[in-house]
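Here's a quick briefing to read alongside the model. Have a look at the picture first, then work through the points below.

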Amino acid sequence: MASLVAEPEVSVSNHPEAVVVRFAGDSGDGMQLTGGQFTLSSALAGNDFATFPDFPAEIRAPQGTLFGVSAFQINFGSTDIETAGDAPDVLVAMNPAALKTNVDALKPGGLIIADTGEFTKRNLDKAKYDVSPIDDGSLAKWQVLAFDISALTMESVKPYGLGNKEALRCKNMWTLGLALWMFDREREPLIDWLKAKFVKLPVLADANIAALNAGHAYGETAELGGQLHKVHVDPAAAKAGLYRTITGAESVALGLVAGAQLAGLEMFFGGYPITPASSILHSLVRLKEFGVTTFQAEDEIAAIGAAIGASYAGKLGVTSSSGPGIALKTEAMGLAVMTELPLVIVNSQRGGPSTGLPTKTEQSDLYQAIYGRNGDTPIPVVAACSPSDAFDCAIEACRIATQYMTPVILLTDGYIANAAEPWLVPDPASYAPFPVTFLTERNGPDGTLLPYARDDKGARPWIKPGTPGLTHRIGGIEKNPGTGNLDYSPGAHQTMTDARKAKVDGIANSIPAQTVALGETSGKLAVVGWGSSFGPIHQAVRRARAKGIDVSHIHVRHVWPLPANLGDLLRGYEHIIVPEMNTGQFKTVLRDQFLVDAKPLNKTSGQPFAIAEIEAAIATYFDGAPSNAGGGEVPPNAAQLPSIESANP
Amino acid sequence: MNEMTTIAVPTTLKDWESDQEVRWCPGCGDYAILKAVQRTLPELGADPAKTVFVSGIGCSSRFPYYIESYGFHTIHGRAPAFATGIKLANPELDVWIVTGDGDGLSIGGNHTMHLLRRNLNCQVLLFNNEIYGLTKGQYSPTSRVGTQSPTTPLGSVDRPASPAAFALGAGGRFIARGFDVSKNLPEVLKAAHAHKGAAFVEIFQNCIVYNKDVFEEFAAPKGAEDRQLWLKQGEPMLFGNAKTGDTKGIALDVEKLTLKVVDVVDGDWQAAGVIVHDVTNRSIAHMLVEMPFGPFPMALGVLYDDPRPTYDEAVLGQDAVARSGKSTDLAKLLAKGQTWTVNESDQGPLSNV
């Protein structure tokens, strides 16, 4: 779980404190489901974990193709786990394409479990293998356990009279059964889950359970020449309390509901389907009893327009999208700034530009969030660093929006949205409420109404239509600083531009001072990050510090406005590196705001940073530590979670 | 709108005039529409505090500033989206959308379509002047073929959209027409307001600067009776001058399945086969919105009015059902799903799935 933690011992590598398993198969093989259930089993075993679902943009890519491979990686262990792991220890490959696209990531000596039933001439051709890699010795640096999972599955579900196709679909449960045996896990929760899932089709429940049991029994009884043995990963030490697994999308939805409650408001959510943001809408439509109204709009613009309309009418307007959709919403965001209405805009970032990499992760919408509008149009930006952190960040976005009468951007990304991790369920009572007030009486001298009068935070009053005696007009045209009436005069524009800027700048006074996530408050090197690169940065800094290296990790949640003390803090370090999944956007912001010599460490392969990549970059600042030759820029590590596309030139 | 509780203190036209200086060009048709709306609102028993005018961008979209109610001047073409959020957030508000041919049919055509098909309970007043006024006279999606403008010096070549036909095709359940200086405009507005659901009113509006008098052929007072067909529920579709005995009517050409103009002799419209206007007849409505001016008079008034359940009622009704009897305990929600407990003592899992 990605929490800011004290510095623990570094793991000893030969003890199975943590294991990384990757399930890879055809997009129709149910790998995401298998991974999800294995994740749950890890949670129930008390392990800490992080997951990384990696799937193609195509819904049903042609079977057996390289670009149709869907993978799910989980890193679980008895220590704090903050990334999905650099390289897998175990690769489950359901077909040749899955093997080809994933095997290079596997640790030397790692275990490959392959379904030979799928290694047919046809599938080998599709995966562009001339000969089966299982037979030609090309997998020599790994352990290979290849057997006909397809046939074993068919055999196990025979009594249920399923058709060939349906029977083969139980393969993933067979494989999961084997994995449960390998890692000494209970089958009962999975059996319960299957019964619930197929409550209307008991024969499918029975068949899947039979496959699961058969896979488990295979591990138990088969003589596998010592290649396959049970591994027991101890439960991770964790803060006492109630836990659940949570993905970033669920977490954002829950945080928004909590934020609206803390503000004493009902929520209106306007959205338009887009990967990877849709799952937030999917979550919220099921939470209507919490005062949530959802609206699937005709497009991104209508989604934000309706959300602003709802805010104008006194609800908490929320909209969500990913980069391309956010681009479409931009003009409306300007209107929300101009009319000074609360609004939360969630951007689940993906690789860009344009359609880019719909299902892959990136942090490249930072400029868009901070600067990407016409005019001087300041909008505060909060960035979540993990699925569980997204809950608190969503609440924080709601707080800022309602207290400062401003749109707020909440940045997450594809990785956070889809990844699951254990979450210590918080007590809602532990969050300070921030109830809003609506203007009910005229607020100006001599009984006049001043919709653009400002409080000590620079916020204007929120006036709901329907309130007697307070009729007034607002809009996107520049306005008089008090009455809000049309006013193009030079003085009005200067005053209002200054006031809008001062209001957003002033938010820095209401956010916590910047702290150091790990390490000292000054020293030789600070690794500064934001968003979902938290995990690999934190682990890399921890490992480096364990080697005695003077390096600190600073994680910035409020990326705009920046915490008031951040500049002074950064100036206390000799060197600053900023790892980002973009070409150096936050680095530029830091340089601009504080005139510090922040150096970039960039990765834009659509895959999260590997811990090792950041460790290598840290090492370049210290004599005697192994260095990476490239200097500041780290090339994408081809062996590290390779993208499916890269295997399909 | 509809079902509005009549306010305790009746209003007058003056009560609906804001203190803002009206900034349209002198002689603009918008002035007449503004007055017609301000004259109509008191008759509707409307409450300024519960009335919201929402607009996009363009000359027409300045409208909300001049009405003493709540007003939201939004961005180009998107007023229907904002109105949807407003109405879903507070269905008690009486929402009027003011748009133009460019705002509502060009940049915002998509939103207009979806507002109408969803049937949000509101009034849509589309001021059609067949030109872009605020950007200084470029041709618009309703400009006639051959319109010369700064962007079409040789005349426009694309065929114009018909707002009323568009609205009906999009699934609108109330379609009406009027024009800026018409004395009948308040009646049209009242009918729109009485309709529960999205009420679409195309108002021909004279742009005195960039498209002067393009509607004069039917809007001019002289000879108006020959060129305007004012439709009234339950009454025959008659036009022309009854005094001179030159009465005409609209009948159905059964063979061609089109409308035709027929002469009415001695007032015997039944014999001439003149259609009696039934506002709920969607087939006739389709013919009326497509009825070309020239061979036919301009169809004005309420062309179609056949309410259906509204979007806001459906959404909020579903919300109410989904909410009934459900716990709103946030702590319970957060702890939902498959959970496990970690104890201080053992630091191991105790599954309670």
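Two strands count as paired if DSSP finds at least two bridges between them. Helices (H or I, at least four residues) and strands (E, at least two) are DSSP runs, numbered from the N terminus. Keep in mind that this is a predicted model, where local features need pLDDT of at least 70, side-chain atom pairs count only at pLDDT 80 or more, and totals for chains, interfaces and linings use all residues. Residues are numbered from 1 along each chain as its sequence is written, while chains are lettered from A and ligands numbered from 1 in the order in which they are written.

**Where the chains meet**
- Within β12(B), Thr341(B) is the bridge partner of Leu242(A).
- Chain A puts 61 residues into the contact and chain B puts in 55, with two residues in contact if their C-beta atoms, placed from the backbone, lie within 7 Å.
- On chain A's side, helix α11 (residues 300-312) gives the largest share, 9 residues.

**The nonpolar core**
- The largest nonpolar core has 277 residues, and those touching the most other members include Val344(A), Leu410(A) and Ile86(B).
- Such a core is a set of buried Ala, Val, Leu, Ile, Met, Phe, Trp, Tyr and Cys residues joined through C-beta atoms within 7 Å.
- "Buried" means that 20 or more other C-beta atoms lie within 10 Å of a residue's own; 12 or fewer makes it exposed, and in between it is partly exposed, with C-beta atoms placed from the backbone.
- Beyond its neighbours within four places in sequence, Ile86(B) is in contact with residues of both chains, among them Tyr312(A) and Val54(B).

- In helix α19 (residues 585-594), the buried residues are Gln585(A), Phe586(A), Lys587(A), Val589(A) and Leu590(A).
- Those residues pack against several elements of chain A, including α13 (366-371) and β19 (573-580).

- Chain A has a mean pLDDT (the predictor's confidence in each residue, from 0 to 100) of 90, and 93% of its residues reach 70 or more.
- Over residues 1-15 of chain A, though, pLDDT stays under 50.
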